[in-house]
Amino acid sequence: MNFQKTHRNYLIPFRSLCVLLIIVACKKEKIIIKDALWYKQPATNWMKEALPIGNGYMGAMFFGGVEEEHIQFNEESLWTGGKGEWEAYDGGNRENAYKYLPEIRRLLNKGKFNEADELANKELTGIIKADKGNSIWEGFGAYQTFGDVFVKTNHKNKAQDYHRELNISDAVGTVSYQVEDVNYKRIFFASYPHRAIVFQFTNDDASGTDYVIKQETPHKNSTIHFIDNQLILKGELENNGMRFESRLLINSDGNDVSFVNGELSIKSAKTVTLYLTASTNYKNEYPTYKGRDYKALNRRTISGIRAKTFDEILEEHKKDYKNLYDRVTFKLSETDTIEAPTDHRLKEYANGKKDLSLEALYFQYGRYLMISSSRRGTMPANLQGKWNNKTNPPWASDYHANINIQMIYWPTEVTNLAECHNPLIDYIDKLRAPGNKTAKDFFNAKGWIVNTMNNPFGYTAPGWAFPWGFFPGGAAWYSRHVWEHYEFNQDKNFLKQKGYPIMKDAALFWLDYLITDPDGHLVSSPSYSPEHGGISTGAYMDIQIVWDLFSNCIAACDALGTDNDFKERLIVARSQLLPLKIGKWGQLQEWKEDRDSPDNKHRHVSHLYALYPGNQINTTNTPKLSEAAKVSLNARGDDGTGWSIAWKINFWARLKDGNHAYELLNRAMRITDTGAENTMGGGGVYSNLLSTHPPFQLDGNMGATAGMAEMLLQSHSEVIQILPALPEKWKNGTVEGLKARGNIEVDMQWKDKKLMRVGLLSKESRRCNIKYGGILKEVKLLENEKVWFDNNLNAF
């Protein structure tokens with residue numbers, strides 16, 4: 001048996017769509033535009049309105065202006081900072097900083113927290129060249145915009161029937177409109193197979209239309225030339241000398257092509273197609289981080305494009321993208337059919353109008369953004385994925401390792417995008433060498449670490465101010481992603497060759513860094529709960545992450561049948577970790593010291609790591625700790641930044657409270673006009689569905705997608721739990737292709753909040769435990785044979 005696919009795409013000329021709408025309206029029926037964002041006007045604001053496309057290597061935002069199309073674009077490795085900017089750069093490390101550890105610990109043991117914090121801020125902070133303010137950190141650097149492409153037309157009259165769309169079912173953007181009797185259409189997509197972003201402009205004017213194309217960059221040391229039908233922009237960053245080049249190949253049926261004063265003019269064209277590729281000399285190899293032959297790469301890319309037609313490239317793009325996207329479908333039945341543009345739907349949703357199909361779209365939008373920003377062979381997504389229009393973006397648009405990058409990758413495995421997880425895991429592996437030096441310099445420890453802020457040049461040291469900058473637990477948290485990748489895919493070769501070595505190296509650090517407190521427990525001292533609360537002799541996030549890391553390393557040793565002596569060492573150390581504690585007002589303690597305030601509304605809820613993404617706390621085995629976690633969550637409240645709200649969706653899903661999780665999802669999807677930068681205000685979304693921090697961060701989108709999946713399926717406790725946190729609002733629905741640990745695909749259908757059937761497809765023969773409501777059964781699955789179960793979990 002199989003569920004009927006529910007997601008279809010119809011690319012209809014806008015005038016035909018208008019006629020169709022009239023016909024349908026006469027029949028008193030409605031149309032659903034599925035898996036697409038669409039609008040009746042161009043974008044005027046990059047962050048709130050422009051629409052993102054990407055292929056992992058590059059990202060772009062298109063505006064859809066009528067008189068002039070504006071396309072801002074990025075190349076993933078274009079960064080300031082590093083040794084090229086500052087000769088003394090050494091990943092932020094302070095040689096022999098560890099010599100101050102004994103004194104800091106002595107002060108903490110005597111209760112002199114202020115003195116300990118002052119000394120730690122002086123001697124354990126990482127080093128940068130200068131903090132210039134406004135997110136300008138010399139030496140550390142920032143992710144850069146590459147530039148902009150502008151395509152101008154000479155329309156003499158006002159456009160009619162305007163339609164701007166991003167169809168996430170096939171990752172193709174379109175703009176269409178009419179001027180007088182001439183129809184204009186644009187197509188935008190980012191091809192991963194061809195490493196290029198593609199834009200096509202067409203019109204049906206008998207005489208064609210004139211187009212003027214211009215490319216700009218904010219980077220001053222650059223030149224642009226028109227050679228062999230290509231606009232070639234090349235240069236180097238002013239501060240670190242990173243070399244870059246973009247090539248814009250232009251194909252058209254126009255005539256009288258000229259290039260004057262940086263502008264390319266094409267006369268009387270019916271079709272103009274642009275193929276954009278870009279690269280730099282960055283190479284992720286410690287310690288130099290350069291050496292790629294970027295010019296040769298660009299030449300090969302353009303040569304490959306020339307060998308194909310536009311239609312061939314478009315079809316290859318769709319096939320490649322849909323191979324990932326189509327693995328999961330999600331439909332919430334009995335949804336109100338919505339004809340309104342996305343921005344109108346969001347405003348009505350914020351005012352309380354039911355729109356379950358918008359929630360399903362938001363789920364899939366997270367998957368779209370993941371596929372568009374993280375593919376095999378690319379760098380991982382950063383705070384803003386691959387989309388940034390600034391030279392000094394908030395938080396450098398960096399790799400933030402105290403939750404943000406981890407959250408971006410939470411949905412990869414459960415929503416069946418394991419390949420998109422690989423760029424992060426490969427990047428983690430490359431952090432081991434610089435992280436090794438940081439562990440030695442700051443803590444005289446073996447193993448490797450990475451702290452809060454990380455750039456592509458191996459900055460693994462603590463940040464340059466505390467409390468936000470101190471988080472040596474980053475590597476241990478990253479190690480959970482390595483283990484999750486194994487758990488979901490069961491690839492022992494991966495675990496042996498890459499996964500376990502990463503995890504073991506991270507564990508070695510903690511075996512050296514942990515110390516025994518007066519009560520005989522192993523604690524992390526000094527430590528800070530991420531970004532607030534002051535110095536401690538034991539922030540519980542550290543303890544929970546270490547428990548998680550040791551447990552996963554032990555399981556990896558068992559899976560591989562190796563390293564028994566190390567495994568036994570971890571078992572002993574895990575048993576000596578500071579136990580989780582319930583504090584004086586019933587909360588789960590955030591610090592060893594019982595100093596939590598019920599009035600604390602901070603966006604980080606770090607001491608609940610053990611609830612999610614960890615599994616040390618769960619409603620079945622640790623009910624008292626689960627209740628304490630609930631007390632902490634209620635005290636923290638439901639407000640927060642976009643990613644903070646998204647984390648809380650996952651918390652409440654793990655606590656089996658689907659209605660509370662849904663309330664937070666509703667809050668996460670409320671449209672906002674807030675655009676103030678470097679603030680920590682409330683979350684929500686812009687009209688382009690990007691999550692606010694504010695301003696914009698990808699983690700809010702991805703965390704919400706992961707949370708929605710967690711409401712439908714959980715498998716973290718060696719049991720596949722079906723609909724564990726289904727909210728009242730999701731009365732009927734189907735989902736296909738979600739993935740459980742053990743490499744098992746799961747399809748579900750429910751009606752009136754009751755399971756109708758569930759299908760399990762395992763990639764190998766195995767037994768597993770499955771649970772729905774109060775029913776728990778062990779079932780047998782055969783390799784690549786889907787087995788269906790009813791709501792009593794009986795096979796049929």
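Analyst: Happy to. Buried means under 20% relative accessible area, exposed means over 50%, and partly exposed lies in between. Please keep in mind that this is a predicted model.

User: Thanks! Why is D228 called exposed?

Analyst: D228 has a relative accessibility of 52%. Exposed starts over 50%, so D228 counts as exposed.

User: What makes R306 and D228 a salt bridge?

Analyst: The rule asks for a side-chain nitrogen of Lys or Arg within 4 Å of a carboxyl oxygen of Asp or Glu. In R306 and D228 the closest N and O atoms are 3.1 Å apart, and the pair forms a salt bridge. It links distant parts of the chain: R306 is in helix α4, D228 is in the loop between β13 (222-227) and β14 (230-236), and 78 residues separate them. As for R306, its relative accessibility is 37%, so it counts as partly exposed. By this rule the model has 40 salt bridges.

User: Where do E484 and R480 lie, and why are they called buried?

Analyst: Both lie in helix α11 (residues 474-489), 4 residues apart, about one turn of the helix. The cut-off for buried is under 20%. E484 has a relative accessible area of 14%, so it is buried, and R480 is at 4%, so it counts as buried too. Their side chains meet in a salt bridge at 3.0 Å, N to O. These two also belong to a network of salt bridges that links R480, E484, E487, D548 and R741.

User: How do you know that E728 and K753 meet in a salt bridge?

Analyst: Their N to O distance is 3.6 Å, and the limit is within 4 Å. E728 lies in the loop between β27 (720-722) and β28 (733-740) and K753 in the loop between β29 (744-751) and β30 (754-762), so the pair ties together parts that are 25 residues apart in sequence. K753 has a relative accessible area of 26%, so it is partly exposed.

User: Which residues form the positive surface patch?

Analyst: The patch is formed by K234, R243, K290, K295, R299 and R300. Helix α4 (residues 294-306) gives the most, with 3 residues. K290 is found in the loop between β18 (271-280) and α4. A patch residue needs over 30% relative accessible area; K290 is at 55%, so it is exposed.

User: Why does I197 count as buried?

Analyst: Its relative accessibility is 0%, and buried means under 20%, so I197 counts as buried. I197 is in strand β11 (residues 196-203). Its contacts include I53, M58, F189 and L274.

User: Which peptide bonds are called cis?

Analyst: One joins S525 and P526, with omega about 0°. Another runs from Y612 to P613, with omega near 10°. P526 lies in the loop between β23 (522-523) and β24 (527-528), while P613 is found in the loop between α14 (564-575) and α15 (623-636).

Note on methods
Residues numbered from 1 in each chain as written. Predicted model: local features only at pLDDT ≥ 70, side-chain atom pairs only at ≥ 80, totals over all residues. Heavy atoms only, no water. Patch = residues over 30% accessible without salt bridge, like charges linked within 9 Å, V, L, I, M, F, W, Y side chains within 5 Å. Areas by Shrake-Rupley, 256 points an atom, 1.4 Å probe, with all protein chains shown as cover. Lys, Arg positive; Asp, Glu negative; His and termini not counted. Charge placed at Lys NZ, Arg CZ, Asp CG, Glu CD. Helix = DSSP H or I, 4+ residues; strand = E, 2+ residues; numbered from the N terminus. Buried < 20%, exposed > 50% of the residue type's maximum accessible area, 1.4 Å probe, protein only. Contact = heavy atoms within 4.5 Å. Lists of a residue's contacts leave out its neighbours within four places in sequence.
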